[in-house]
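Welcome, and thanks for taking a look at this one with us. Below is a short briefing to read alongside the sequence and the model.

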Amino acid sequence: TTLFRSPAELTTYIELMKSVREHDPATPIVIEPSFWGHLDALRLLNIQAFLKHDSNLVVSFHFYEPRFMTQRTKNGGRFKFPGSVPIFDNVKYPDTIHWDADQVKNQLSRATEWAKKQGVPVFLGEFGICRDIDGSEQYLDAIITACLELRLSGFLYSFRDKYWDAMNYEFGANPTNYFLVKDEDENELMK
């Protein structure tokens with residue numbers, strides 16, 4: 001975690017950074033906010049406390065928003081991209097946000113604006129969507145396009161596991177397919 005409950009906790013991180021620098025003075029140290037690297041946690045990250053001790057830092061964050069859409073179990077076939085997604089689930093009349101390429105870029109621009117204000121580089125350390133969500137290929141394209149336009153480096157989270165296939169994009173978007181789709185013309189997720 002990078003939200004410090006005590007000065008001793010911050011001191012521990014500073015000591016770790018010093019230890020790294022004893023062996024490697026050149027490589028940037030990557031720091032990530034708490035809450036699984038969530039974009040909204042950037043505002044809680046006291047990056048200036050770190051920068052006082054080491055100016056060669058890079059901040060990483062994750063983007064799987066909105067989670068009600070991007071996660072298979074939370075979505076349950078209810079939401080697609082582009083489309084409206086409730087802010088809160090299981091309420092009778094929920095407020096919704098329309099998620100499309102513009103909304104994705106707007107959200108990611110919050111990170112680049114934060115980085116400019118803080119004077120520190122930032123990159124998108126993870127992003128993704130379960131492969132069988134309706135519109136997953138458009139969602140991935142929206143993030144990649146926004147990253148290019150914002151000059152934001154990003155890493156697609158793709159996971160190959162024989163027991164969990166939700167983010168193995170090599171299978172394509174069809175949830176019943178458990179074989180690699182090698183032909184890019186047949187796999188919209190790999191274009």
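Which residues of α6 are buried? They are Q103, V104, Q107, L108, S109, A111, T112, W114 and A115. Please keep in mind that this is a predicted model. With that said, here is a tour that starts with the whole chain, moves on to helix α6, and then visits some individual residues.

**The chain as a whole**

- The protein chain has seven helices and six strands, and read from the N terminus their order is α-β-α-α-β-α-α-β-β-α-β-α-β.
- Along the principal axes, the C-alpha atoms fill a box of roughly 50 × 45 × 35 Å.
- Of the 191 residues in the protein chain, 42% are buried.
- If you take the contacts with a separation of 6 or more, 59% of them come from residues 24 or more positions apart.
- The accessible surface of the chain is about 11,500 Å², and carbon and sulfur atoms contribute 54% of that surface.
- On the charge side, there are 21 positive and 27 negative side chains, and the centres of the two sets are 5 Å apart.

**Helix α6, end to end**

- Just after the helix comes G119, which takes a positive phi of about 70°.
- What do the buried residues of α6 pack against? Their partners are α3 (47-51), β2 (57-63), β4 (96-99), β5 and α7.

**V59, a buried position in β2**

- V59 sits in strand β2, and it counts as buried because its relative accessibility is 0%, where the cut-off is under 20%.
- Setting aside neighbours within four places in sequence, V59 is in contact with I31, P33, L42, L45, I47, W114, V120, P121, V122 and F123.
- One of those contacts, W114, is also among the buried residues of α6.
- V59 and L152 are 93 residues apart along the chain, and their C-alpha atoms are separated by 12 Å.

- R131 belongs to the loop between β5 (122-127) and α7 (136-150).
- Is R131 buried or exposed? R131 is buried, because its relative accessible area is 0%.
- The side chain of R131 is joined to that of D165 by a polar contact of 2.6 Å.
- D54 lies in the loop between α3 and β2, and with a relative accessible area of 10% D54 is buried too.
- Which residues does D54 touch, not counting those up to four places away in sequence? The answer is M17, R21 and I29.
- With R21, the side chain of D54 makes a polar contact of 2.5 Å, side chain to side chain.
- D54 and R21 are 33 residues apart in sequence, while their C-alpha atoms are 9.0 Å apart in space.

**Backbone details to check by eye**

- The peptide bond from E65 to P66 is cis, with omega near -10°; P66 is in the loop between β2 and α4 (67-70).
- The peptide bond from F81 to P82 is also cis, with omega near -5°, and P82 is placed in the loop between α5 (72-75) and β3 (83-86).
- W36 is not a glycine, yet it has a positive phi of about 55°; this residue lies in helix α2 (residues 34-37).
- Why does W36 count as exposed? Its relative accessibility is 71%, and the cut-off for exposed is over 50%.
- R151 is not a glycine either, and its phi is positive at about 55°.
- You will find R151 in the loop between α7 and β6 (154-156), where it counts as exposed because its relative accessibility is 78%.

Notes. Residues are numbered from 1 along each chain as its sequence is written. This is a predicted model: local features need pLDDT of at least 70, side-chain atom pairs count only at pLDDT 80 or more; totals for chains, interfaces and linings use all residues. Side-chain values use heavy atoms; hydrogens and water are left out. Helices (H or I, at least four residues) and strands (E, at least two) are DSSP runs, numbered from the N terminus. Buried means under 20% relative accessible area, exposed over 50%, partly exposed in between (1.4 Å probe, protein chains only). A polar contact is a pair of N or O atoms within 3.5 Å; within protein, one must be able to donate a hydrogen and the other to accept it, and residues adjacent in sequence count only if both atoms are side-chain atoms. Contact means heavy atoms within 4.5 Å. Accessible areas come from the Shrake-Rupley method with a 1.4 Å probe; for residues, only the protein chains shown count as cover. Lys and Arg count as positive and Asp and Glu as negative; His and the chain ends are not counted. The place of a charge is taken as NZ of Lys, CZ of Arg, CG of Asp or CD of Glu.
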